[in-house]
Structures are given as C-alpha cells and as structure tokens.
Amino acid sequence: MYAILWLIPALPLSGFLMLALLGRSSERLAAAISLGAVALSAALALAVGGQFLLAPPPGGVYTQTLWCWMRVADFAPAVVLQLDALSLVMILVVTVTAALILVYSIGYMKGDESYKRFFAYMDLFVASMLLLVLARDLLVLYVGWEGVGVCSYLLIGFWYRDAANGRAAQKAFIVTRVGDAAMAVGLLLIFSKLGTLDIPDLLSRAVAQWPSGSAPAVLAAWLLLASAVAKSAQLPLQVWLPDAMAGPTPVSALIHAATMVTAGVYLIARLHVLFALAPEVQAAIAVIGAVTLLLAGVSAATQQDIKRVAAYSTISQVGFMFLALGVGAWSAAICHFVTHAFFKSLLFLCIGVIIQAMDGEHSLFKMHGLRRTLPVTFFACVISALALSGLPPTGGFASKDRILGAVYEAGPGGWLYAAALAGVFLTGLYTFRMLFLAFGDMRESRKDTGGMRRPTASMSAVLVCLAVLSVAAAAPAWPAALGGHAWLPQFLRTVLPDGASTLRAGTERTLSLIALQVALAGAASGWFVAMAGRRMFERLTSSTVGAALHAWWQTGWGFDWFYTRLIVWPTVWMAEINRNDVIDTLTGLCTWTALAGHRLLSRTQTGRLGWYAGCMAAGLVIILALMLWT
Amino acid sequence: MNGIPMAAGWLLAAGLLTVGLVGALARRNLLFVLLSIEIMFNAAALAFIVAGARWNQPDGQVMFIFILAISAAEVAVGLALMLRFHHCFGTLDTRAAAKLKD
C-alpha cells in the first residue's frame with residue numbers, strides 16, 4: 001500500500017502536464033482533469049493515512065527511493081519520499097483542502113477566459129507542495145519550495161492584464177526570493193559542514209558534531225529561519241502577503257492562507273532538532289511570532305478591504321504558529337496549522353462568494369445585510385469566525401488553547417503570554433468587526449438582490465464541508481484538561497517530541513477559561529466597533545491623531561513606505577547613475593582596441609600589387625637586418 | 001675566374017636585384033612584373049655562383065641549377081595566372097585587379 005506514495009505528488013503533476021499539453025479544451029474537461037488528479041491524490045493520501053494508522057511502518061517512517069538525482073564523487077542526493085506522522089498530516093491537509101478548493105473554483109472561475117491555465121497552475125502548486133512536505137532530502141525540499149514560490153507568483157499575477165496584479169506578483173516573488181537565497185546559503189553551509197542534506201542524517205550529525213549554541217549551528221538556524229520568515233510572511237518580510245490578495249480568491253485560500261505560507265512552519269518543525277541547538281534563534285522565532293501576531297492583528301482591525309483583513313489575519317495566525325515553534329511546542333504549531341488550514345480557507349472562500357455577490361466590491365463599508373441574501377455563506381462565515389477567534393466548539397479554540405498553554409508554560413506570566421493573549425483579543429476584534437460589517441443589518445436591508453451572483457450548489461457544498469471540517473478538527477486536538485484526548489499531538493509525538501505538559505489540569509482549565517474570556521471580549525469589541533460604536537469610531541478616525549494612526553496601521557505599520565526608501569529608491573538611484581554601465585566600459589575597451597587595430601591594418605590592404613610586393617621586400621630587409629645584427 | 005674581382009660579382013648581383021625589384025614594384029604591366037622577377041632570380045643565382053667561386057665549392061653551381069628549375073616552374077605558374085588575369089580583366093594592368101576593399 002505504501003508503494004503508491006509516489007503517486008500522491010505525481011498525480012497532480014500529471015494533471016498539470018496534461019492541461020499544459022492539451023490544446024483547446026472545454027471548461028468541463030479542464031476542470032475534470034485537474035480536480036480528478038487532485039481528488040485521486042487526496043483519496044490515495046487518505047488510503048495511505050488509514051494504512052499508517054492501522055499498520056504503522058517500522059519506526060513510524062516509510063521511505064521510498066525514486067531515483068538517484070546525480071552522482072558527483074560522494075555527493076549523491078537521491079529523490080526519496082519520506083512518510084512519517086508529520087508529513088502524513090501535511091499531505092492530508094494539503095490534498096483535502098486543495099480538492100475542496102478546486103471544486104469551489106469550478107463554480108468561482110466559471111467564464112474566465114483563462115480557465116484552463118488556472119487549473120493547470122493549481123495542479124502544479126499542489127504537486128510542488130506535496131513534494132515539499134514529502135521530501136526526505138533538503139535539496140528535494142528546495143525544489144518543492146521554489147515550485148510553490150513560482151506557482152504563487154503565477155497565480156497572484158493570474159489576471160495579468162491589470163498592471164497592479166503583475167506588480168503584486170513581482171513583489172511577492174522578489175520578497176520571498178530574499179528568503180530563498182538565505183535558504184540556498186544555509187543548505188550550502190550545512191552541506192559543507194555536515195556533508196549531507198538528508199534530513200535525518202544531517203540532524204543526527206548536527207547533534208553529534210555541533211554543541212548547543214555553537215557558531216555553525218546558530219548560523220545555519222538563522223539562515224533557515226530567514227527563509228521560513230520570508231515564505232510564511234513574518235516580520236520583517238511580511239509585506240508581500242497583503243498585496244498577494246490580487247490573485248483569484250481560491251488562490252488566496254489555498255496558497256496564501258492554508259498551505260504555502262505555512263511551509264516555513266513546516267520547515268522549522270521538520271528541522272526542530274537543529275533549531276534546538278541554537279537557543280537564541282529559537283527565542284528569536286518566538287519574538288518574531290509574537291510581534292508579527294500583534295502588528296498584523298492591529299493592521300487587520302483597521303482594513304477596509306475585506307480580503308486584506310483576511311490577509312493580515314493570516315500573517316497574524318502564522319505568527320501564532322511561530323510563537324508556538326519558538327517556545328518549543330512543535331506539535332501545537334502543527335495542530336494550529338491543521339485547524340487554520342480549514343477555517344482560513346473557509347473564510348477566504350466565503351469572502352470569494354461575498355465579493356462575487358457584490359460584483360467585485362472589496363470595501364467592507366459598502367457591504368451590509370448580506371445575511372439574508374447569502375444564508376449558507378453567512379453560516380459558514382460564522383463558523384469560520386468562531387474558529388479564527390478561538391471560540392469553542394471549533395478547532396481554532398483547541399489549537400489556540402494548546403499554544404497558549406505552551407507559551408504560559410515556557411515563561412509563566414511572561415510578556416510572551418501577554419502578547420499571545422493580546423493577539424487572541426485582536427483576533428476576536430478584527431474577525432467580528434469584519435463579520436458584522438459584512439453581514440450586519442446596520443442600515444436598511446438590501447432591495448436590489450435580484451441580480452446578485454449567488455454561489456453555485458457545489459460552492460455552497462464546499463463551504464459546508466469546510467465548516468464541518470473546521471469544527472471537526474477540534475476533536476483530535478481537544479485539550480485533555482477539558483475532557484479531550486489530544487490525539488493529534490500524541491500522533492505527532494514520534495516526529496515532534498515536545499515534552500508533555502507539566503501544567504496541572506486545574507491550571508490548564510484556568511488558562512482555557514482566561515483565553516475564552518479574552519476571545520469573547522475581543523468578539524464583543526468587534527461588534528461594538530462595527531455596530532454600536534461605529535459613529536464614535538468614525539469621529540475618532542477623523543481627528544488628526546486618529547487619522548494618522550489609522551493610516552499608519554492600515555498600511556501595515558508603514559513597512560512598505562520604509563522599504564521603498566531603504567531599498568527601492570537607492571537601487572533605482574544606483575541604476576540611474578550606472579545607466580551606461582561602468583563595468584561594461586572595461587569590456588568595451590577590448591572591442592575598441594580590436595576595432596582600432598582593424599582600421600589601421602585594413603588601410604594597408606590597398607589591392608595594389610606593387611604596394612604588396614614593396615611591403616614584402618621591406619619586410620625581408622627588416623628580417624635580414626635583425627638576423628645580421630643580433 | 002681569377003681575373004674578375006669578387007666585389008664586382010657582388011655589385012653586379014646587387015645591381016641586378018635592384019633593377020628587378022624596382023621593375024617589379026614600378027611596372028604596371030603584369031608581363032613586365034614577371035620579367036623583373038626573373039631578373040631578381042638571376043641576381044640571386046649570380047650571387048650563388050660568385051660565392052661558389054670565392055670558396056671553391058661546387059655547392060654554388062648546384063644551387064644555380066636549383067634556382068633555374070624553380071624559376072622555370074614559377075614562370076609556368078606565372079604565365080598561367082597572367083592568361084587568367086587577361087581573361088578576367090581584359091588587360092594586363094595590375095591596377096585593374098585592385099578590388100580588395102574593406
């Protein structure tokens with residue numbers, strides 16, 4: 001049964017190749033190929049997962065060697081797939097959400113002129129993401145890492161006729177490239193020091209050769225952290241994600257919320273042994289996570305564009321995962337990844353329905369009273385908002401509770417815990433603000449609902465499926481202190497052995513209660529901002545200080561402004577100075593010399609016989625003279 | 001042989017070479033250029049004879065016969081070229097062939 005493992009990434013890849021090589025085809029055929037490949041892949045992943053639970057492979061790890069990539073002296077990276085508890089969870093989440101989002105896209109993208117191209121890119125993305133999480137070798141992982149980056153670029157700029165979309169795609173690609181370069185350097189460092197890129201090998205060698213806190217371990221951890229930070233849109237490289245919302249909404253749901261942006265979380269969890277060798281980097285992860293969580297949360301609460309709210313919320317939630325990774329709660333981060341994948345893709349898909357119903361309108365302040373016109377979407381959105389804010393009975397409550405417990409344990413009463421609680425409050429605030437602005441009956445209810453584009457039956461079905469999954473994801477992660485089994489962290493323990501919680505059940509229950517109250521307070525203030533106190537906040541944001549603060553937060557704390565001055569302008573200025581390419585003049589000198597010599601010599605070629613003969617005679621005389629004199 | 005001073009032989013050879021060279025450089029008619037080259041050949045041959053006589057060596061005369069053979073071959077090729085030249089340009093003026101330009 002495990003032997004079919006290679007088919008899981010290969011099927012979406014073949015779907016992509018078929019769509020790419022197929023000439024003109026109907027929408028129906030393109031969707032069937034794309035969805036068929038991913039759905040089959042999801043079915044295989046489920047089958048493999050069932051097998052894994054019933055009859056786990058020896059040691060909890062199954063490896064499948066596909067082929068040897070290249071052989072240079074003793075460097076022979078093989079393309080090996082590795083299935084363990086962590087990669088199993090990842091492939092299940094990736095394939096299931098991808099399949100659901102593709103079903104949704106069939107309805108959402110209907111009538112788009114590049115229908116086939118969209119599905120081809122989506123399949124390529126799924127294949128790359130699966131390769132990334134199944135790779136045993138860091139080099140193969142890097143292939144997947146770059147693959148998802150390319151697909152992200154292609155899909156952000158999917159509607160390329162609008163120049164702004166192209167710019168957003170370039171921004172995402174260039175910013176993540178900073179991290180990719182760091183990763184390449186990190187891989188070279190690891191290979192030159194440890195002589196291997198095979199993940200289990202390199203981790204065991206790192207433990208054997210590098211004492212905790214030694215320079216190479218810290219440097220390698222910093223470089224890998226930089227790549228994870230860029231991919232997962234964390235401070236200070238988070239600027240690309242809000243702009244990435246230029247892509248179609250299913251893309252935002254799959255790539256920029258559920259899967260790709262969590263690749264950094266996966267990378268750190270996968271290499272957690274290495275990060276444990278560098279305690280200061282580990283601490284930095286926690287700090288980055290906490291700061292990102294707060295800054296993005298504040299930005300999300302000030303956005304007008306409904307998609308940007310969700311984008312900042314994604315940054316903030318991935319910040320939660322980084323915080324968990326930073327305090328060594330690896331499995332808590334993965335649990336939050338699982339629940340986040342479901343509820344955040346659900347939120348994005350709901351937003352997609354809303355935007356289509358509003359005929360492309362993104363502004364929250366022009367939406368109201370959508371509850372009656374889009375009942376299924378409203379229901380799904382409420383579930384997703386509950387999960388996002390960490391309210392029971394959803395998966396978001398369970399996973400967030402686990403993270404908060406781990407953060408509290410790492411430093412009771414410390415400011416990390418305070419930051420995490422503030423993050424929970426902000427999450428509730430911006431989520432419910434968005435929910436009430438979009439669905440609340442603030443003014444008179446809509447009359448012109450006849451011409452609204454409603455979600456198709458399949459789109460609604462996907463929303464219901466994801467809503468069910470968002471709630472159901474609570475079961476495997478439900479904390480033991482509240483009568484659950486915490487099955488998922490137990491399952492991940494073979495790969496991510498974070499220590500069992502040392503908190504007493506009573507303390508855990510108290511912590512859960514505190515988190516719940518904070519989340520409820522956040523939700524209530526979200527309602528207040530959107531509904532009851534709206535006039536007051538409008539007055540507040542129109543005062544000088546209020547407006548400045550609001551603008552500052554709305555533009556994501558001015559990071560774009562800062563980077564434009566720090567990096568873009570100097571680069572452009574240098575390019576202006578170097579318009580004629582100073583270095584190139586050196587190379588140009590060679591050409592110039594050759595040309596001048598050519599002109600000089602070609603003047604001697606007169607075509608006159610006498611001149612030639614004279615030159616020959618003169619040459620002879622010179623040679624003779626030289627011979628006689630020397 | 002003893003009656004003729006060696007310097008006279010050298011001078012004659014040098015004079016013949018100069019005449020030939022000047023003719024080859026100055027004349028425009030290909031036929032005369034060829035003739036001038038023959039004169040230069042003979043100047044070289046004469047230099048060998050004189051040298052052979054000076055050191056009483058037969059090598060000088062051997063070289064003379066060599067040069068005769070070479071100049072015969074050269075004349076054959078040269079005349080053939082001249083025929084082609086006349087065929088192409090309708091004249092024997094070397095300026096007509098000044099077609100190699102940058």
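## Chain A: elements and extent

Chain A holds 28 helices and two strands. Both kinds of element are DSSP runs numbered from the N terminus, with helices (H or I) of at least four residues and strands (E) of at least two. This is a predicted model, in which local features need pLDDT of at least 70, side-chain atom pairs count only at pLDDT 80 or more, and totals for chains, interfaces and linings use all residues. Residues are numbered from 1 along each chain as its sequence is written, while chains are lettered from A and ligands numbered from 1 in the order in which they are written.

Along the principal axes, the C-alpha atoms of chain A fill a box of roughly 110 × 60 × 55 Å. Of its 630 residues, 50% count as buried. A residue is buried if 20 or more other C-beta atoms lie within 10 Å of its own, exposed if 12 or fewer, and partly exposed in between, with C-beta atoms placed from the backbone. Take the contacts in chain A between residues at least 6 apart in sequence: 80% of them join residues at least 24 apart. Two residues are in contact if their C-beta atoms, placed from the backbone, lie within 7 Å.

## Confidence

The mean pLDDT of chain A is 86, and 97% of the residues score at least 70. The score is the predictor's confidence in each residue, from 0 to 100. Among the elements of chain A, helix H11 (residues 263-270) has the highest mean, 92. Helix H16 (residues 370-373) of chain A has the lowest, 76.

## Nonpolar cores

The largest nonpolar core has 220 residues. Such a core is a set of buried Ala, Val, Leu, Ile, Met, Phe, Trp, Tyr and Cys residues joined through C-beta atoms within 7 Å. Helix H15 (residues 330-357) of chain A gives the most to this core, with 19 residues. The residues with the most contacts inside the core are Leu323(A), Ala324(A), Ala333(A), Ile334(A), Leu346(A) and Ala420(A).

Ala420(A) touches Leu323(A), and also Ala290(A), Ile403(A), Leu404(A) and Val407(A), not counting residues up to four places away in sequence.

## Helix H20 of chain A

Helix H20 (residues 457-472) of chain A has 16 residues. From first C-alpha to last it reaches 22 Å, close to the 22 Å expected at 1.5 Å a residue. The expected span is 1.5 Å times one less than the number of residues.

Buried residues of H20(A) include Met459(A), Val462(A), Leu463(A), Leu466(A), Leu469(A) and Val471(A). Ser460(A) and Ser470(A) are buried too. The buried residues of the helix pack against H15, helix H3 (85-108), helix H17 (375-389), helix H18 (395-410) and helix H21 (474-477) of chain A.

## Chain B

Chain B has three helices and zero strands, and its elements run α-α-α from the N terminus on. The C-alpha trace spans about 50 × 25 × 25 Å along its principal axes. Chain B has a radius of gyration of 17 Å, whereas a compact globule of 102 residues would be near 13 Å. The radius is taken over C-alpha atoms, and the globule rule is 2.2 Å times the number of residues to the power 0.38.

Buried residues make up 12% of the 102 residues in chain B. Among its contacts between residues at least 6 apart in sequence, 46% join residues at least 24 apart.

## The A–B contact

The contact takes eleven residues from chain B and ten residues from chain A. On the chain B side, the largest share, four residues, comes from helix H1 (residues 6-26) of chain B. By class, this side has seven nonpolar, one polar and three charged residues. Ala, Val, Leu, Ile, Met, Phe, Trp, Tyr, Cys and Pro count as nonpolar, Asp, Glu, Lys and Arg as charged, and the others, Gly among them, as polar.

## Backbone details

A cis peptide bond joins Leu235(A) and Pro236(A), with omega about 0 degrees. Pro236(A) sits in the loop between helix H8 (215-231) and helix H9 (240-243) of chain A. Another cis peptide bond joins Pro392(A) and Pro393(A), with omega about 10 degrees. Pro393(A) is in the loop between H17 and H18 of chain A.

Trp557(A) is not a glycine, yet its phi is positive, near 60 degrees. It lies in the loop between helix H25 (544-554) and helix H26 (559-577) of chain A. Trp557(A) counts as partly exposed because it has 17 C-beta neighbours inside 10 Å. Asn56(B), also not a glycine, has a positive phi of about 55 degrees. Its place is the loop between helix H2 (30-54) and helix H3 (59-89) of chain B. Asn56(B) has 8 C-beta neighbours inside 10 Å, so it counts as exposed.
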